[in-house]
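Let's take a walk through this one together. Have a look at the fold, and then we'll go through the rings and the strands.

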Amino acid sequence: MAETAPRATALLVMEEARRPDVYPPEVLAGIDRLVDRQGPPLTRERLDDHSEALRHAEILLTGWGAPVLDEAFLVRAPALRAVLVAAGSVRHVTTPAFWARGIPIVSAAAANAIPVAEFALAQILLGLKQVHRVSREVAAGRRFPRDVEVPGAYRSRVGLLGLGHIGRLVAAHLGRFDVEVLATDPLTGADTAREMGVRLVGIEELFATSHVVSLHAPLLPETRGAVGSRLLNSLAPGATLVNTARGALIDEEALTEVLRARQDLTAVLDVTHPEPPAPDSPLFTLPNVVLTPHVAGALGAECHRLGHLVRDELERFLRGRPLQHAIDPGRAASLA
């Protein structure tokens with residue numbers, strides 16, 4: 001009788017608070033049918049107390065609160081063959097030492113992109129109706145205006161800054177509406193954009209001609225503070241700016257000045273820098289700011305998608321099939 005090949009060993013390490021949402025019982029049951037997990041789930045702070053489990057782990061299952069994959073970690077995990085991250089970004093956990101090992105790493109960014117794109121779409125449609133502006137004017141004047149002028153969702157323009165996972169999903173959603181979608185993204189070619197139903201333009205045209213601008217760019221040295229006074233002042237009358245990406249993309253001091261001077265504009269900020277804002281930040285009190293506490297990303301049951309993606313990728317890895325969500329080391333530096 002042929003011997004059964006030993007099952008791969010895996011270790012689950014992530015922050016405890018969000019683990020039940022990311023790895024609910026049905027996901028853990030699916031994982032346990034594929035691998036032998038080394039002991040109970042751990043946090044990165046408790047890894048030192050379980051060095052033997054780390055030493056034997058071939059697969060690291062993780063998410064928010066992942067350990068940093070530096071040389072010291074890799075020395076302690078000599079059997080490591082794959083890392084599967086049930087979260088969006090891997091920038092904060094990967095290091096040159098990790099990339100040098102050629103170990104595949106999976107991100108659940110595609111799953112996390114779904115609720116972010118849904119939130120952005122909702123705010124874009126509200127922005128085209130200028131709901132936030134109109135509602136604050138109604139409250140301030142205690143009356144309904146007779147003739148409300150808004151662009152609406154018919155042949156109006158929506159500008160997307162960035163066409164990564166989320167930007168592309170938003171563009172796909174907008175394809176169901178009768179609007180023109182513009183985008184600025186240096187990594188997307190004109191043919192690809194055309195297939196997506198998007199017209200590529202420069203960032204100046206994007207801001208100056210769009211009724212709503214939605215930010216989906218990664219935070220890189222060249223994008224930090226890129227949305228400043230010049231672009232903000234160029235926004236059309238009544239325009240809405242939506243940021244579900246990274247707070248530091250916007251020069252918030254400039255944003256504050258522009259919003260104080262132009263009550264017609266609205267900024268919907270799901271992310272800020274710092275996050276949360278300082279208690280005395282004008283973002284809390286400016287009437288034309290809609291401030292939400294980073295709720296666009298996966299929350300509660302939405303996080304189940306991330307765990308299911310990891311479970312499916314784990315099965316592909318163990319069966320020797322191509323991974324669908326592995327990070328290309330050559331593009332890692334340009335990702336959020």
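This is a predicted model: local features need pLDDT of at least 70, side-chain atom pairs count only at pLDDT 80 or more; totals for chains, interfaces and linings use all residues.

Rings of Phe, Tyr and Trp (for Trp, its six-membered ring) count as a pair if their centres lie within 6.5 Å; planes under 30 degrees apart are called stacked, over 60 edge-to-face, and the rest tilted. Searching the whole structure with that rule turns up 1 aromatic pair.

Residues are numbered from 1 along each chain as its sequence is written, and side-chain values use heavy atoms, leaving out hydrogens and water.

Is phenylalanine 98 buried or exposed? Phenylalanine 98 is buried, at 0% relative accessible area, while tryptophan 99 is partly exposed at 24%. (Buried means under 20%, exposed over 50%, partly exposed in between, with a 1.4 Å probe and protein chains only.)

Now for the sheet. Strands here are DSSP runs of E, at least two residues, numbered from the N terminus, and two of them pair if DSSP finds at least two bridges between them. An open sheet of 7 strands runs in the order 8-7-6-9-10-11-12, with parallel pairing. At the edges sit strand 8 (198-200) and strand 12 (289-291), each pairing on one side only. Strand 6 (residues 154-161) pairs with strand 7 (residues 178-184) in the parallel sense over 6 bridges, and valine 158 stands opposite valine 181 in strand 7.

Notes. Helices (H or I, at least four residues) and strands (E, at least two) are DSSP runs, numbered from the N terminus.
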